[in-house]
Amino acid sequence: MANRMILNETSYHGKGAVENVVTEAKARGFRKALVVTDKDLVKFNVVEKVTALLDAAGLAYDIFDEVKANPSVAVIKRGVARFKDTGADYLIAIGGGSPIDSAKAIGIIINNPEFGDVLSLEGVAPTKNKCVPIIAVATTAGTAAEVTINYVITDEAKKRKFVCVDVHDIPLVAIVDPDMMSSMPRGLTAATGMDALTHAIEGYITKGAWELTDTLHLKAIELISRSLRAAVENDPQGREDMALGQYMAGMGFSNVGLGVVHSMAHPLSAYYDTPHGIANAVLLPYVMEFNKDYSGEKYREIARVMGVSGVDDMTPEEYRNAAVEAVRRLAKEVGIPEKLSAIGVKQEDLPALSVDAFNDVCTGGNPRDCCAEEILAVYKTAF
């Protein structure tokens, strides 16, 4: 069987990378951008770091700042209308997963208008055309939305999130500049960083994993586990290492899939508007415990790159427990709550959440096959 890898056409990394927004827009002959972002990033002058460059270069743009966490079908429809009204011919997405996911959906619908209801994009939609060109400027070190072929939309009417997987939606250009992430508060840095660690670990143990993605994911786990604490303290080197680590995780999991951590996290965002990174961070150790006997020797390597010593002298049970404990300790040290009850999850909702999680597209990639009842048991343990 052939293994497929889909990546950005071009990506820029490191301090000052954001200046290449202008370089790329000019080189490609783009005329006018629709900047897709959220109001907080405008308010705190993060968007201005990009628009000031566009202004200085004489490049035209309009701003669509209606994106919210866990973007909804309605937001995507408004973004599509705004793109058409402004006469834009490309998108600049500025933000974390929500703005970049929104730009992907908007760009796909513009060039594939038969999916204008948004809901029909769920799963692997049979789109025919590449989306509108996107330059994705990441402002968080976590989602790696700038390098993935996935995006997630919330169906508010049915209180659920649905995952879209489309080879046509990947941003043309990714900008991964740690300076664009320096204004992230401690809590958001911790949550998005643990989201990135979840991507790396789930991508490493998913059924679709293979040698190339294993290499990316293991290095991502190493970078994230050694730099997240420093990034939370806004250390520049910590920020830079986190930016690279989360991107590497995205390079991998976008092409091999995820697992039950994400399946269980998605309904929490749909039910309670829980930030995706927080949901993943709380659930990760519990799902790792659930999966630990179904991942061969991979937990040994996770423990090794997370700094656990003596793993070669451990039994499989010992190194698997060591890997879980290393993740649990990191989450605690960066301030992640240990239980779902601490982030507003309601016990009476657990059965319904379990059904939604079982039906999530990510469940099929989990290394351990499971049913809704087993997912419910994990929810209860994590509660």
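Which residue of strand 3 does Val-36 stand opposite? Val-36 stands opposite Phe-64 in strand 3. The model is predicted: local features need pLDDT of at least 70, side-chain atom pairs count only at pLDDT 80 or more, and totals for chains, interfaces and linings use all residues. Residues are numbered from 1 along each chain as its sequence is written, and side-chain values use heavy atoms, with hydrogens and water left out.

## The sheet

Six strands make up an open sheet with parallel pairing, in the order 1-8-5-4-2-3. Strands here are DSSP runs (E, at least two residues), as are helices (H or I, at least four residues), and both are numbered from the N terminus. Two strands pair if DSSP finds at least two bridges between them. The edges are held by strand 1 (10-13) and strand 3 (60-64); each has a single partner strand, so one side of each is left without a neighbour in the sheet. From one strand to the next, the twist averages 15 degrees. Axes are lines fitted to C-alpha atoms, for helices over the stretch in contact, and angles run from 0 to 180 degrees between N-to-C directions.

Strand 2 (residues 32-36) runs parallel to strand 3 and is joined to it by five bridges. Lys-32 is placed opposite Ala-60 of strand 3. Four bridges join strand 2 to strand 4, again in parallel, and Val-35 has Ile-92 of strand 4 as its bridge partner. Four of the five residues of strand 2 are buried, so the strand is mostly covered. Buried means under 20% relative accessible area, exposed over 50%, and partly exposed in between (1.4 Å probe, protein chains only).

## Helices on the sheet and helix packing

Helix 1 (residues 20-27) lies across strand 1, strand 4 (90-95), strand 5 (134-138) and strand 8 (173-176), and runs at about 175 degrees to strand 5. Helix 5 (residues 97-111) lies across strand 2, strand 3, strand 4 and strand 5, at about 160 degrees to strand 4.

Helix 10 (residues 276-291) packs against helix 12 (residues 316-333) at an angle of about 175 degrees, with the axes 9 Å apart. That makes helix 10 roughly antiparallel to helix 12; angles under 35 degrees count as roughly parallel, over 145 as roughly antiparallel, 65 to 115 as roughly perpendicular and the rest as oblique. Helix 10 contributes Leu-284, Pro-285, Tyr-286, Met-288 and Glu-289 to the contact, and helix 12 contributes Asn-321, Ala-323, Val-324, Val-327 and Arg-328. Contact means heavy atoms within 4.5 Å.

## Aromatic pairs

Two aromatic pairs are found in a search of the whole structure. Rings of Phe, Tyr and Trp (its six-membered ring) pair if their centres lie within 6.5 Å; planes under 30 degrees apart count as stacked, over 60 as edge-to-face and the rest as tilted.

| Pair | Centre distance | Plane angle | Class |
|---|---|---|---|
| Phe-30 and Tyr-90 | 4.4 Å | 25 degrees | stacked |
| Tyr-271 and Tyr-272 | 5.9 Å | 50 degrees | tilted |

Phe-30 lies in the loop between helix 1 and strand 2 and Tyr-90 in strand 4, so their pair ties together parts that are 60 residues apart in sequence. Phe-30 counts as buried at 14% relative accessibility, and Tyr-90 is buried with a relative accessible area of 1%.

## Individual residues

Asn-112 is found in the loop between helix 5 and strand 5 and counts as buried at 0% relative accessibility. Leaving aside residues up to four places away in sequence, Asn-112 touches Thr-127, Lys-128 and Asn-129. The C-alpha atoms of Asn-112 and Ile-94 are 18 residues apart along the chain and separated by 23 Å.

Val-256 lies in helix 8 (residues 236-256) and counts as buried at 13% relative accessibility.

Most residues other than glycine have a negative phi. Asn-45, in the loop between helix 2 (39-43) and helix 3 (48-57), has a positive phi near 65 degrees and is partly exposed, with a relative accessible area of 44%. Ala-144 has a positive phi of about 60 degrees; this residue lies in the loop between strand 5 and strand 6 (150-155) and counts as buried at 0% relative accessibility.
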